[in-house]
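Here are my notes for someone opening this structure for the first time. Keep the viewer at hand as you go through the points.

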Amino acid sequence: MAAAIIGSLGLSACGNATDDATSGSSGSASAATKLSITFLPKNLGNPYFDTSDAGGKKAVEEFGGTYAEVGPQTGSPDAQVQYINTAAQQRTSGLVISANDPKAICDAVNQARQAGTKVVTFDSDTDPTCRDLFVNQATAEGIAKVQTDLVTKGIGDTGEIAILSASANATNQNAWIDMIKKDLAANHPNVKLVDVVYGNDDDQTSFDKTAALLQSHPNLKGIISPTTVGIAAAARYLSTSDKKGKVYLTGLGTPNSMKEFVKDGTVKDFALWNPGDLGYLAAFAAKALADGTITGKEGDKFTAGSLGEYTVGADSVVLLGDPFVFNAENIDQFNF
Amino acid sequence: MSRTYADYTHPWWRRLVVSREAVMLALLVGLVVWAVGNIVFFGTTLTMTFLLLDTAPVLLIALPMTMVIITGEIDLSVASVVGLSSVLLGDLTRSGMPIALAAVLALLAGLACGALNGYLVAYVGLPSLAVTIGTLALFRGLAVGLLGTTAVTDFPKEWTSLATSQVGSTGVPLITVPFLVLAGAFALLLHFSSFGRGVYDIGLSKQAALFSGVDVRRTVLVLFLLTGVVSAFAGVYFTLRFGSARGDNATGLELQVVAAVLLGGVSIFGGRGRLLGVVLGVLLIGTISSALRLQGVTVNVINIIIGALLIASVMSTSVLAWLPGLTRRKSPGTSPQKTPSGVGS
């Protein structure tokens with residue numbers, strides 16, 4: 001019985017093989033006149049991706065393409081695959097993805113590419129073999145350097161500082177901390193890193209570790225927290241302690257979680273990339289691939305609207321640029 | 001005037017037309033015909049290929065789940081079994097075991113999961129809702145604990161391409177073959193065997209089933225064993241299809257399975273429902289979401305529509321049950337005598 005149903009479904013679908021061909025050619029004909037760019041974030045309803053995708057929409061409107069945003073409710077790779085398949089069927093000119101899994105979506109992405117869709121990843125990359133281009137928000141060097149620069153400037157290039165990190169085995173954070181240490185030793189001899197503590201990306205633990213840090217190092221002048229959970233918890237502790245305004249806190253944070261602490265003077269500035277710019281650049285990269293301006297090989301150049309000209313680096317990676325510094329003047333423009 | 005039992009039933013064509021399965025089939029065919037004509041890119045073989053690839057895990061697990069729900073029980077741990085078997089397949093393959101052996105061990109693990117559920121429900125006598133909510137957390141916890149946040153992605157190419165390959169060049173995915181074999185076996189078991197009669201009897205009344213000679217405990221245990229092993233098989237397929245073994249694979253799949261089973265006309269109180277309706281239910285949900293996705297409708301709206309459909313379908317069961325009674329009262333030939341209570345007063 002079930003066989004009959006599936007069979008009839010198959011027949012009704014197969015019977016339209018000719019339709020398939022005609023709609024296909026009409027699809028690509030319209031694509032030649034108007035580029036269709038689809039954004040596929042990790043999940044919908046996430047303020048970070050709302051911001052990046054809004055940047056993408058702005059770019060697509062600037063170059064006169066059609067913009068769409070699709071995505072699953074939860075950040076799972078299998079749900080993302082369904083949307084990649086749909087984009088392949090629709091013969092979308094450019095698909096901009098933040099990958100939920102570097103490998104799991106590969107087959108689907110490659111199938112879409114065979115059907116003619118150009119695929120750009122942003123925020124989270126896939127395996128380099130299954131995308132045309134990756135738009136990287138920041139390099140590890142850039143992230144480490146902006147935090148070192150902010151903290152050394154904030155404390156007048158002399159005194160004790162400490163780091164409140166995520167977990168002790170967080171790969172990203174450890175790589176940045178190593179670079180910060182090297183930068184300090186080479187360029188800031190009077191700044192001394194006295195302690196690295198771990199808040200495990202847990203709000204309460206980070207809060208308690210900040211308290212302990214200030215107690216055990218009374219001469220502490222600065223704290224770096226290279227994690228969004230950590231910096232917000234540290235700021236919350238500082239804002240009600242007598243060290244407010246005396247200990248300089250910076251790191252990586254999101255504007256929404258830091259707004260009140262920037263406004264009340266606990267935090268002067270902190271860094272992250274601008275997701276809006278990231279989406280804007282990714283959309284222009286997809287356009288450049290789809291209209292044949294670039295193929296994605298190293299050395300290719302393309303213009304990304306108001307952001308200017310970009311060059312494709314090794315492994316088909318485009319770098320957005322230096323991290324973005326948020327402060328009291330610009331923080332109200334952001335909502336993520 | 002004596003009447004036979006047949007006089008009280010509807011003619012055969014009417015029973016067929018008003019049946020749940022006929023309505024589902026009409027809806028499905030109508031939807032497909034409409035979508036082919038109205039939605040660009042729907043009328044391609046690719047739509048069917050993706051539809052079957054995507055719904056295969058739900059289709060597979062829905063087979064034993066139908067029987068479990070007909071007995072009045074439920075198994076909410078199936079998605080966690082999918083996750084656990086996925087992780088085992090990945091972890092064992094990574095440690096150097098041949099993938100065929102790893103797959104067999106993953107299936108055995110699924111059987112063990114089913115045995116635990118079945119033992120607790122059938123022999124200890126605990127309510128299946130509570131037991132399987134517990135094992136949902138337990139099996140998922142084991143899966144995530146084994147692999148942590150990492151994913152195993154190094155599977156032999158010939159195995160991963162097997163999971164997405166097609167029967168010839170028909171566009172029908174290969175996974176349809178084991179599904180059809182299983183569907184046939186389950187249909188025989190449920191609708192044409194004494195074991196299947198027992199399944200319905202348990203759903204209608206456990207006590208009556210026991211007195212009429214049904215081995216209630218054994219039947220329930222066997223059903224949980226079946227959901228366990230079929231879920232593990234779905235897990236192996238899921239892993240190979242995406243080439244990725246993760247602890248959080250297929251999270252939330254259990255609700256999709258239960259929703260499809262209920263949409264297919266199986267009563268949550270047990271005793272009623274057929275496999276064909278369930279298979280149609282899965283395909284109907286899959287077709288609706290695939291058509292809406294092609295239209296660019298967002299996932300939230302798709303979920304709202306499927307949710308509303310599910311509620312409507314559960315309500316329609318009561319409406320359908322009420323409808324024949326209504327029409328019979330109107331028909332003059334069979335109208336019952338109303339005099340006794342009304343006239344005298």
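Which residue stands opposite G159(A) in β7(A)? That would be V191(A). Before the rest, some housekeeping: this is a predicted model, in which local features need pLDDT of at least 70 and side-chain atom pairs count only at pLDDT 80 or more, while totals for chains, interfaces and linings use all residues. Residues are numbered from 1 along each chain as its sequence is written, and chains are lettered from A and ligands numbered from 1 in the order in which they are written.

1. Start with the layout of chain A. Domain 1 covers 34–137 + 275–321, and domain 2 covers 140–272; these bounds come from an automatic or database domain assignment. Taken over C-alpha atoms, the centres of the two domains of chain A are 33 Å apart.

2. Now back to the strand pair from the opening. Strand β6 (residues 159–165) of chain A pairs with β7(A) in the parallel sense, over seven bridges. Two strands count as paired if DSSP finds at least two bridges between them. Helices and strands here are DSSP runs numbered from the N terminus (H or I with at least four residues for helices, E with at least two for strands).

3. That pair belongs to an open, parallel sheet of four strands in chain A, ordered β7-β6-β8-β9. β7 (191–198) and β9 (248–251) of chain A are at the edges with a single partner strand each, so one side of each has no neighbour in the sheet. On average, neighbouring strands are turned by 20° against each other, direction ignored.

4. Two helices lie across these strands. Helix α8 (residues 203–216) of chain A lies across β6, β7 and β8 of chain A, at about 160° to β6(A). For such angles, axes are lines fitted to C-alpha atoms (for helices over the stretch in contact), and values run from 0 to 180 degrees between N-to-C directions.

5. Chain A has another open sheet, with six strands in the order β2-β1-β3-β4-β5-β13 and parallel pairing. Its edge strands, β2 (66–69) and β13 (317–319) of chain A, each pair on one side only. Neighbouring strands of this sheet are turned by 20° against each other on average, direction ignored.

6. At the β13 end, strand β5 (residues 133–136) of chain A and β13(A) pair in the parallel sense over three bridges, with F134(A) opposite V317(A). Helix α11 (residues 275–290) of chain A packs on this sheet and touches β1 (36–40), β3 (94–97), β4 (118–122), β5 and β13 of chain A. The direction of α11 makes about 160° with that of β4(A).

7. Over to chain B, where I'd look at helix α8 (residues 176–191) and helix α9 (residues 194–204): they pack at about 65°, with their axes 5 Å apart. The two are therefore roughly perpendicular (65 to 115 degrees counts as such, under 35 as roughly parallel, over 145 as roughly antiparallel and the rest as oblique). L189(B), L190(B) and H191(B) of α8(B) make the contact with F195(B), G196(B) and V199(B) of α9(B), where contact means C-beta atoms, placed from the backbone, within 7 Å.

8. Last, helix α5 (residues 99–123) and helix α6 (residues 128–147) of chain B pack at about 150°, their axes 9 Å apart. α5(B) and α6(B) are therefore roughly antiparallel. C113(B), L116(B), N117(B), L120(B) and V121(B) in α5(B) meet S128(B), V131(B), T132(B), T135(B) and F139(B) in α6(B).
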